[in-house]
Amino acid sequence: MRRDMTVGRRRFTFLDAGRGEPLVLIHGFPLAAEMWQPQLDAVPDGWRFIAPDLRGFGAAAVFDDTPARTIDEHAADIIDLVDALHLDRVVVCGLSMGGYAALALLRLAPTHLRGLVLADTRPQADTVEGRQGRLEMQALVERAGPGDVADRMLPKLLSATTRADRPEVALRVRAMIEANGAGAISAALDALMTRPDSTPLLPAIRVPTLIIVGEDDELTPPALSEEMHGLIPGSQLVRIEGAGHMSNLERPDAFNTALRSFLESIKS
Ligand code: MLT
């Protein structure tokens, strides 16, 4: 179910499924809450999944907001939403850019977190070459629009297996990218390229943490997840065969199985 909510002068829109202990799903770049549909359709008993559209993306595009140009602003929005929903402590699951926001949340509001799922993401900041790529993509989106961003990103977002065997997934991801405005994509590129290095936070994480990665993820390859796993005390790592960067959409059953057993292990 989609819900809208006004908090102070800001409006939020999010998908809400299930009843019980809260888990917040944070989407990747340049996508929308809708990318979590396979998880929202399979919420384990006793859990409530909440998937906000980050500022400027998906259904939030209709709100006349100042774009968020830092990851911390996206994380602060999520903290405001969690507070407004009186959720107290939540499990946060972020994929890629959503993982960067989850790590920012850990830095800004650690007491709000009771568990962490880091999917197809990394703790490091962008490299110099990475920033150069962001600037090129900003020029591309401002010149040619989101369709060209989709052309460029799709081969990196999805594994060759998914692209060959499940073309409908590629169509769905393309539609999500193309529904976003150039302004939101450009602002998010600023947020991505200015995000701080979160590596120093990892050894201090004290909440249960699950790391998930697609075996064929080219954007945040499994080696990075192995490294995070080594740095986060007591963390679990699940590698998903046949999936690329969008592991939750490419192999929803495997992703949901990993998520469900993690949630069972931490249920109060
Ligand atoms: C994402 O999926 O959110 C992006 O690939 C993140 C990134 O480019 O760093």
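Visitor: Is aspartate 120 buried or exposed?
Guide: Aspartate 120 is buried, with a relative accessible area of 0%. Buried means under 20% relative accessible area, exposed means over 50%, and partly exposed is in between, using a 1.4 Å probe and protein chains only. This is a predicted model, in which local features need pLDDT of at least 70, side-chain atom pairs count only at pLDDT 80 or more, and totals for chains, interfaces and linings use all residues. Residues are numbered from 1 along each chain as its sequence is written, and side-chain values use heavy atoms, with hydrogens and water left out.

Visitor: Where does aspartate 120 sit, and what is its phi?
Guide: Aspartate 120 is in the loop between S6 and H4. Its phi is near 45 degrees, a positive value in a residue other than glycine. Most residues other than glycine have a negative phi, and most peptide bonds are trans. Helices (H or I, at least four residues) and strands (E, at least two) are DSSP runs, numbered from the N terminus.

Visitor: Which other residue has a positive phi?
Guide: Histidine 86 has a positive phi of about 55 degrees, although it is not a glycine. Histidine 86 lies in the loop between helix H2 (71–84) and strand S5 (90–95). At 72% relative accessibility, histidine 86 counts as exposed.

Visitor: And which residues does a cis peptide bond join?
Guide: Phenylalanine 29 and proline 30 are joined by one, with omega about -10 degrees. Proline 30 is in the loop between strand S3 (21–26) and helix H1 (37–40).

Visitor: What does phenylalanine 29 touch?
Guide: Leaving out residues up to four places away in sequence, phenylalanine 29 touches Met97, Met137, Met153, Leu157, Ile185, Ala188, Leu189 and Leu192. A contact means heavy atoms within 4.5 Å.

Visitor: How many residues are in the largest nonpolar core?
Guide: That core has 87 residues, and Phe29 is among those with the most contacts inside it, along with Leu23, Trp36, Phe49, Val173 and Leu263. Helix H3 (residues 97–108) gives the largest share of this core, 8 residues. A nonpolar core is a set of buried Ala, Val, Leu, Ile, Met, Phe, Trp, Tyr and Cys residues joined through side-chain atoms within 4.5 Å. In soluble globular proteins, nonpolar side chains tend to be buried together.

Visitor: New topic. Which residues surround the ligand?
Guide: The ligand is surrounded by Gly28, Phe29, Ser96, Met97, Tyr100, Arg134, Leu219 and His245. A residue counts as near a molecule or strand if one of its heavy atoms lies within 4 Å of it.

Visitor: Which polar side-chain atoms lie 2.8 Å from a ligand oxygen?
Guide: One belongs to serine 96, and one belongs to arginine 134. Histidine 245 also has a side-chain N or O atom 2.8 Å from an oxygen atom of the ligand. Taken alone the ligand exposes 270 Å², and the protein buries 93% of that. Accessible areas come from the Shrake-Rupley method with a 1.4 Å probe, and for residues only the protein chains shown count as cover.

Visitor: What does the side chain of threonine 121 reach?
Guide: It reaches the backbone oxygen of serine 96 at 2.9 Å. Threonine 121 lies in the loop between strand S6 (113–119) and helix H4 (128–144), and is buried with a relative accessible area of 0%.

Visitor: And which side chain joins that of aspartate 126 in a polar contact?
Guide: The side chain of arginine 195 does, at 2.6 Å. A polar contact is a pair of N or O atoms within 3.5 Å; within protein, one must be able to donate a hydrogen and the other to accept it, and residues adjacent in sequence count only if both atoms are side-chain atoms. Aspartate 126 is in the loop between S6 and H4, and is buried at 11% relative accessible area.

Visitor: Back to the whole thing. How many helices and strands?
Guide: The protein has 11 helices and 8 strands. Its radius of gyration is 17 Å, close to the 18 Å that the globule rule gives for 268 residues, so it is as compact as a globular protein of that length. The radius is taken over C-alpha atoms, and the rule is 2.2 Å times the number of residues to the power 0.38.
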